Amino acid sequence: MPDALPLLAILVLPFIGAVVAGLLPTHARNAAAALAGGIALLGMSLVWAAYPTVAAGGVLRAEFAWMPALGLNVSLRMDGFAWLFAGLVTGIGALVVLYARYYMSENDPVPRFFAFLLAFMGAMTGVVISGNLIQLVFFWELTSLFSFLLIGYWHHTAAARDGARMALTITATGGLALFAGVLVLGHIVGSYELDAVLGAGDRIREHALYLPALLLILLGALTKSAQFPFHFWLPHAMAAPTPVSAYLHSATLVKAGVFLMARLWPVLSGTDAWFFIVGTAGLITMLVGAYIAIFQNDLKGLLAYSTISHLGLITLLLGLNSALALVAAVFHILNHAAFKCSLFMAAGIIDHETGTRDIRRLSGLNRSMPFTARLALVAAAAMAGVPLLNGFLSKEMFFAEALTAETPLGLLNLLPFAAMLASAFSVAYSLRFIHGAFFGPEPTDLPRKPHEPANWMRLPVEFLVLICIMVGVLPAATVGPFLALAVRSLLGDAVPYYSLAVWHGVNLPLLMSMAATAGGILLYLLLHRLLRGGIERPPLLGRLEGQRIFERTMVFLSWRMARRAEALAGTRRLQPQLRLIVGVAFLAGGAAVWLRGLGPGNLPLTALDPVIALVWLTGGACAIGAAWMAKFHRLAALILLGGAGLAVVVTFIWFSAPDLALTQLTVEVVTTVLLLLGLRWLPKRVEVAGDRGPEVLNRTRRLRDLSLAVAAGGGLAALSYAVMTRVPPEILAQHFLQRAYTEGGGTNVVNVILVDFRGFDTLGEIFVVAAVALTAYALLRRFRPAPDSVALPEQQVLAGGRVAGTAVTGRGEPRDGADWLLVPFTLTRLVFPAMLIVAVFLLLRGHDLPGGGFSAGMVVAIAIILQYMIGGTDWTEDRLRLLRPRLWMGSGLLIAAGTALAALAFGRPFLTTYFAYADLPLIGEVPTASALVFDIGIFALVVGSTLLMLVALAHQSVRGRRATPRVPARPAAAPTPLAVAGEG
Amino acid sequence: MELVVSLAIGVLAGSGVWLLLRPRTFQVIIGLSLLSYAVNLFIFSTGGLRTGAAAILEKGQEGSLGQFADPLPQALVLTAIVIGFATTALLLVVLLAARGLTGTDHVDGRDRGR
């Protein structure tokens, strides 16, 4: 595909540039501008390089696989019309970049501005050269998004935020409608490819779904092009920096709407529905926009409404269902881009050099900035449609069309008058722009002393004005070939005859034009006094309804309804939320059982074993006891929780799950120690009768929770009974049992599943454990105990701050009762090496017999925490220098991930295991599957994570003690300082 | 046997849910632990209750469900135990931090009526 590279480059370069610009330092104004300008110029030259192909009637195409499963490809397509628009986007883009370099203040984060601008340029290019409608909608929405960012660039001002939000809401909503419309269109045609759609015009127009598709697509196009009644977002978007306005509202964003209408014109137009919707919207927009523009006091506001009006004119032309009108529309798109962009830039220059854009304050700038004045004069004359300028030519074509267009009903007769009226308005507001800003007496109260701008800032304006003049004088020689190219790609062989000459003799359009110009001048003279005096809003159409409806809807949706919903369904309290979750879970489970009629199964029950029954009599009592005691007797509740946990462990052993029992047992120990360490920081709670408000309320509350708990427990019990009395599905179990040794190389099936078959799962799991440990550590580093838990607890005060085993170790000051806890202290030291050996044993046998990295790691952690508990923090840390939990964690993660990755090096998929048996001296045959290495990683991580949490929690007490001046003889009565900075 | 284990699951879950709805953080953490016992037992029990059939193969053996208990729920529960341990630890630290910051051990960070 020789076309692929340039097309892709045109599309992708701006996005790459955007990322690069976004990474530049905040004050790299010149670098960002050079980058953006370079990319725009590069894009333009790439577009230009495609000219020979396109001029010969060819179409550049490129296709890349995107989602082949859905039949979606990235499809790029550049015909004459797309070429013209791509040239407009990149060419005007380059001029705007140059202008923005001088417009933007050094205090703004300019690289961000250029990043947004480039991204927008890329999105716009994407819309223009998309060969697939879905892809077009994607880029369409991107333009909405980036225009939001551009309009809201000065996000510190409320106007920019509001304007950006309004533009996004309107255009993105339209974009959604467009998406739906495109889907319908694709359904009609059977393909989303533009080529296929363009070739199916008759089928589309005759299809029953034509009208819905048309309405949805037009909703997208008309919102984007700011057509009545969606026009109101555009004036608010003027809060953007002026280069943005010049770019978005002359050549790009708003032109996307008319681009789409022209693009789909061959397949969608030609029906009455098209004429009435598009034509009416265009007509009203053209008149209303032009009328309101006269009464704007802000230069940019005037240009905004004039833009709306001109877009209305283009839309009206597209709506006339005439090929000649389409030619006029495309021509006017070009002309409008040239003169409106230069006018926006001129308005920006005025704003930049005088500090205001208010026409009532501006006056007589002709003296201080004569060059700018002349440039603006020419551009405004083009906007007004003065002969020998480009605007005149497309206006003449418009008048001719208004006179001859074949339209249903009798609307034809009114069209020429409407056209003349709009034209007269446009003469009036152009006069107001020029006369108000540049003529009249010297300005008196300007914020800055006006002067000419930097030459480079004026250059884009000069260039555009030159184009206006050249096209106006020599249309056929300048714009002629390009226009012909674009029109031919839209209409194919059906291109009508049109003439781009300046002089067509004295005919009706010329007379109309003269009358409109005279009318406009007269109108301005009549209104001059009124306008000079200052008028806030235009008479008659004071407040247009569209905006008010929009605002009310937004207030209703985002404020009133949200508040009502929050009041209805929201709460900040945890208990109602949990109650809701439990209730919904119960109902969902209950509904499933109810609908499917799940009763007890028919499997024969196994015989009741009195031992297990007894174990669970105790276990159940422990569970209920824990529930009973958890409020006032935390230690008792914790012990009872351990009792229930032990019952679970016994159940696991009993029913053939030794691995589970082992893991549960070790986890049980560590959890209990953790909770014990935490107990110290919880407030003392003593039962006081009548402490919790009215008894009736409490009773009801407790009764409700009790019934929820009974329902949940009963439901789960019934469900598990139903499950246990059925034959379990065995497909997977069979699979694992068969392959555990033959393919996993281990005889302990559960362990093989964990480290091999579901190794990826385990890998994720140990990362979770590591993350939790680090989070706990980070939270505890900044831990501040509540004031009432700072003091040493009663028991420690009574013990006189003694440290266990001081008599044996001979460390610390000899105090009375130095044999404190002497027996456990001695025992734990004896048991420590034995526990380590048990851990290694569990680790090594894990692959073949119950054990494994996790339980081994837990055992090591328990061994160490035992030393902490009995020997004390200082004693233990003096001796166990290798105790660096984070090192253990890091190496554990590296080993596990490394083993997983190592398989890749042997050309196997991630986490593939290798296994063999090694005969070690003394120890015997040891399974040395690579899964063992993986298990060692798990082991190291578990040791590190568990210790990190336990030690961090244990250190809190030490910190508390260190922060408190330790006076063992006296209970710590004085309020203790809370400054416990740094690591414990 | 099945009845005993289902009742055990029910009691554990009921006690857990009751504690989950209590206002004090310590109650909630104990409740979560009890609830996770119940859920782990439930998942485990979906493989059926078999005695003396731990899934430890002979070398070279292809096991079958006739000889061994279902290892898959066991593997799932093993993962669940580990993750349960991690969340319990995290919850504990969070509740301690909240207690330090707010001065209360109420789940909402402030006592009702205060």
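Predicted model: local features only at pLDDT ≥ 70, side-chain atom pairs only at ≥ 80, totals over all residues.

User: Good. So at what angle do α1 and α2 of chain A cross?

Analyst: Helix α1 (residues 4-23) and helix α2 (residues 29-49) of chain A cross at roughly 175 degrees, and their axes come within 9 Å. α1(A) and α2(A) are therefore roughly antiparallel to each other.

User: Which residues make that contact?

Analyst: On α1(A), they include A:Pro6, A:Ile10, A:Leu13 and A:Val20, and on α2(A) they include A:Leu35, A:Ala36, A:Ile39 and A:Leu46. By class, the contact of α1(A) with α2(A) has 15 nonpolar, two polar and no charged residues.

User: Let me zoom out. How many helices and strands does chain A have?

Analyst: Chain A has 41 helices and four strands. Of its 984 residues, 50% are buried. Among contacts in chain A with a separation of 6 or more, 78% join residues 24 or more positions apart.

User: And the largest nonpolar core, how many residues is that?

Analyst: The largest nonpolar core has 221 residues, and A:Ala36, A:Phe114, A:Leu150, A:Ala262, A:Ala379 and A:Cys468 have the most contacts inside it. Helix α17 (residues 323-354) of chain A gives the most to this core, namely 20 residues. Another core, of 146 residues, lies apart from it and includes A:Leu677, A:Phe736, B:Ala38 and B:Leu92.

User: What is A:Cys468 in contact with?

Analyst: Setting aside neighbours within four places in sequence, A:Cys468 contacts A:Ala338, A:Phe339, A:Val378, A:Ala379, A:Ala382, A:Leu389 and A:Asn390. A:Cys468 is also one of the α22(A) residues that meet α19(A), where A:Val378, A:Ala379 and A:Ala382 are among the partners.

User: How do those two helices sit, then?

Analyst: Helix α19 (residues 370-384) and helix α22 (residues 455-473) of chain A pack at an angle of about 40 degrees, with their axes 10 Å apart. They are therefore oblique to each other. The crossing of α19(A) and α22(A) is left-handed, and their contact has nine nonpolar, two polar and two charged residues.

User: Switching topic: is A:Ser191 in a helix or a loop?

Analyst: A:Ser191 lies in the loop between α7 (158-189) and α8 (194-198) of chain A. It counts as partly exposed because it has 17 C-beta neighbours inside 10 Å. Setting aside neighbours within four places in sequence, A:Ser191 contacts A:Gly186, A:Ala196 and A:Val197.

User: Last one: how many residues does each chain give to the contact between A and B?

Analyst: Chain A gives 97 residues and chain B gives 85. On the chain A side, α31(A) provides the largest share, 14 residues. That side divides into 62 nonpolar, 22 polar and 13 charged residues.

Conventions
Residues numbered from 1 in each chain as written. Chains lettered and ligands numbered in written order. Contact = placed C-beta atoms within 7 Å. Nonpolar A, V, L, I, M, F, W, Y, C, P; charged D, E, K, R; others polar. Axes fitted to C-alpha atoms, helices over the stretch in contact; angles between N-to-C directions. Parallel < 35°, antiparallel > 145°, perpendicular 65-115°, else oblique. Buried ≥ 20, exposed ≤ 12 C-beta atoms within 10 Å, placed from the backbone. Core = buried A, V, L, I, M, F, W, Y, C linked by C-beta atoms within 7 Å. Left-handed = near helix turned anticlockwise from the far one by under 90°.
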